[in-house]
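Please consider the structure below.

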Amino acid sequence: MTAPTTPDAVTVRVPAKVNVQLAVGAARPDGFHGLANVFLAVGLHDEVTATPSDTLRITAEGHDVDQIPLDRTNLAARAAELLAARYGIEPHVHLHITKDIPVAGGMAGGSADAAGALVACDALWSTGASRAELLALCAELGSDVPFGLVGGAALGRGRGELLNPLTVGGTFHWVFAVADGGLSTPAVYREFDRLTEGTEVPEPEAAPELLAALESGDATALAAALANDLQPAALSLRPSLAATLDAGTAAGALAALVSGSGPTTAFLAKNAEAARQVAAALSASGTCRQVRVADSPAPGATLL
Ligand SMILES: C[C@@](CO)(OP(=O)(O)O)[C@H](O)COP(=O)(O)OP(=O)(O)OC[C@H]1O[C@@H](n2ccc(N)nc2=O)[C@H](O)[C@@H]1O
Ligand SMILES: Nc1ncnc2c1ncn2[C@@H]1O[C@H](COP(=O)(O)OP(=O)(O)O)[C@@H](O)[C@H]1O
């Protein structure tokens, strides 16, 4: 029998996400918040390429890469170290990240890179980890990381890491307005706690009408059901986002919301042509740094 050959390089493509519903419960004793997090993967992608190396090395190119760490705190590096430790191997790999997902924008780019690095290193090192093992490692790396692996659409319970896949019955057309600078996810959750202090925070539940809208592919119904409990907190920390939301709504978006913890704002359009119009109006509005158009759902981490 011949020994399995080690590939020279493995490239994995990973998607961004938008939370079409983010229902946030009260803070748990461990500091995390219980969620009903309805993730939808969108067609904005990073790529992670793993090649053999003498040491663990991270390089990056593309949008805003000056804002991501290139040391072992990079989520992709942490993913490689975790997988290597689990299988008793040295984390000797060069991970090159090609970034197109806005950084610190509430679109889970770092989480996607972590999922991509895990899949790429798994293939490079032939660890033979099962899908369930990879998902468990993803959950150790961060609440949003498992979704980067599975993509499509999913309901995340727990702190968002316990996923149930959802059916999506059509293509949804989105416009994303990228803001200047990022927002810290822990800071937005802290602001949520401050804003809800002294009130009864209900148990987070996915809305049946939202799940039905996803399943039927009905953009108008989905627009009516979009909801983000972190939006007031993101707006409180970044009041200028209100003008961006207004500009997209005035331009004909079916609905507008903050993506996750923000500060990227998301606009659902009726069709591809409407998305182009909303994008042009947002670009001209001067209320955001960059505008991106993308469809959903998109597949999860994919070996190229
Ligand atoms: C808000 C969401 C919505 O999908 O993502 P973003 O919009 O930032 O991308 C997620 O809940 C972010 O998930 P992720 O960025 O993976 O968070 P983690 O690394 O697990 O946790 C970072 C910090 O966020 C807070 N956190 C995160 C998840 C959660 N369910 N409750 C929390 O309170 C905690 O303060 C935690 O220390
Ligand atoms: N591979 C990575 N890509 C992007 N950000 C990363 C990465 N590794 C670590 N980070 C850090 O994680 C934080 C969150 O980034 P990101 O995942 O893009 O945003 P968000 O959590 O808002 O979706 C940023 O402060 C960023 O510097």
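This is a predicted model: local features need pLDDT of at least 70, side-chain atom pairs count only at pLDDT 80 or more; totals for chains, interfaces and linings use all residues.

A: Residues are numbered from 1 along each chain as its sequence is written, and chains are lettered from A and ligands numbered from 1 in the order in which they are written.

Q: What span does helix H5 reach from its first C-alpha to its last?

A: Helices are DSSP runs (H or I, at least four residues) and strands likewise (E, at least two), numbered from the N terminus. The expected span is 1.5 Å times one less than the number of residues. Helix H5, residues 185-196, reaches 17 Å, close to the 16 Å expected.

Q: Which residues of H5 are buried, and why do they lie on the same side?

A: An α-helix has 3.6 residues a turn, so residues three or four places apart point the same way. In H5, Val188, Glu191 and Phe192 are buried (20 or more other C-beta atoms, placed from the backbone, within 10 Å of their own; exposed means 12 or fewer, partly exposed in between). They cover an arc of only 105° around the axis, which puts them on the same side of H5; the arc is that of the directions from the helix axis to the C-beta atoms. Pro186 and Arg194, on the other side of H5, are exposed.

Q: Which helix gives the largest share of the shell around ligand 2?

A: Helix H2 gives the largest share, 4 residues.
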